[in-house]
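Hi,

Here is the structure I promised to pass on. Have a look at it first, and then read my notes below.

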Amino acid sequence: MPHTSEDLVTLERLAEEAHAAYIANPGDDTRSAWRDAADAFQAAVVEHAAAEGKSRYEVEMAAKKAVRHPEPVS
């Protein structure tokens, strides 16, 4: 079953958190966790893009925008 847009946002958020952990405490464990999280996100992006008939770039940028620049809640 393809990943949903919400799944992609969650995976990107996890990758960003893993990156922040690596920046705060560089080491093999935190680098590996960051790489694994980023790989999981990329795999989900490819799967979702193929299932939806969209470009991988478009899907990836939409998820990254949702995480990095969320819409304000009114």
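**Salt bridges first**

Let me start with Arg68, which is partly exposed, with a relative accessible area of 44%. Keep in mind throughout that this is a predicted model. Arg68 forms a salt bridge with Glu16, and the closest N and O atoms there are 2.7 Å apart. Glu16 sits in helix α1 and Arg68 in helix α3, so this pair ties together parts that are 52 residues apart in sequence. Glu16 itself is partly exposed, at 28% relative accessibility.

Arg68 also forms a salt bridge with Glu12, this time with 3.2 Å between the closest N and O atoms. Again the partners are in α1 and α3, so the pair links parts that are 56 residues apart in sequence. Glu12 is buried, with a relative accessible area of 3%. Put together, Glu12, Glu16 and Arg68 are linked in a network of salt bridges.

How many salt bridges are there by this rule? The count comes to four. One of them joins the side chains of Glu60 and Lys64, at 3.2 Å from N to O. Both of these residues lie in helix α3, four residues apart, or about one turn of the helix. Glu60 is at 8% relative accessibility and counts as buried because the cut-off is under 20%. Lys64 is buried too, with a relative accessible area of 18%. Leaving aside residues up to four places away in sequence, Glu60 touches Phe41, Gln42 and Val45.

**The core**

Which residues make up the largest nonpolar core? There are eight in all: Leu8, Leu11, Phe41, Ala44, Val45, Ala49, Val59 and Ala63. Helices α1 (5–24), α2 (28–52) and α3 each give two or more residues to this core. The largest share, four residues, comes from α2.

**Helix by helix**

α1 has 20 residues, which should span 28 Å at 1.5 Å a residue; its end C-alpha atoms are 29 Å apart, which agrees. The buried residues in α1 are Leu8, Val9, Leu11, Glu12, Ala15 and Ala18, and the buried residues of α1 pack against α2 and α3.

α2 has 25 residues and reaches 36 Å from its first C-alpha to its last, close to the 36 Å expected at 1.5 Å a residue. Its buried residues are Thr30, Ala37, Phe41, Ala44, Val45, His48 and Ala49, and the buried residues of α2 pack against α1 and α3. Just after α2, Gly53 takes a positive phi of about 70°.

α3 covers residues 56–68, with Glu60 among them.

**One aromatic pair**

A search of the whole structure finds one aromatic pair. The rings of Tyr22 and Trp34 have their centres 5.3 Å apart and their planes at 25°; the pair counts as stacked because the planes are under 30 degrees apart. Tyr22 is in helix α1 and Trp34 in helix α2, 12 residues apart, and the pair links distant parts of the chain. Trp34 is partly exposed, with a relative accessible area of 29%.

Cheers

Definitions and conventions
Residues are numbered from 1 along each chain as its sequence is written. This is a predicted model: local features need pLDDT of at least 70, side-chain atom pairs count only at pLDDT 80 or more; totals for chains, interfaces and linings use all residues. Side-chain values use heavy atoms; hydrogens and water are left out. Buried means under 20% relative accessible area, exposed over 50%, partly exposed in between (1.4 Å probe, protein chains only). Contact means heavy atoms within 4.5 Å. A nonpolar core is a set of buried Ala, Val, Leu, Ile, Met, Phe, Trp, Tyr and Cys residues joined through side-chain atoms within 4.5 Å. Rings of Phe, Tyr and Trp (its six-membered ring) pair if their centres lie within 6.5 Å; planes under 30 degrees apart count as stacked, over 60 as edge-to-face and the rest as tilted. The expected span of a helix is 1.5 Å times one less than its number of residues.
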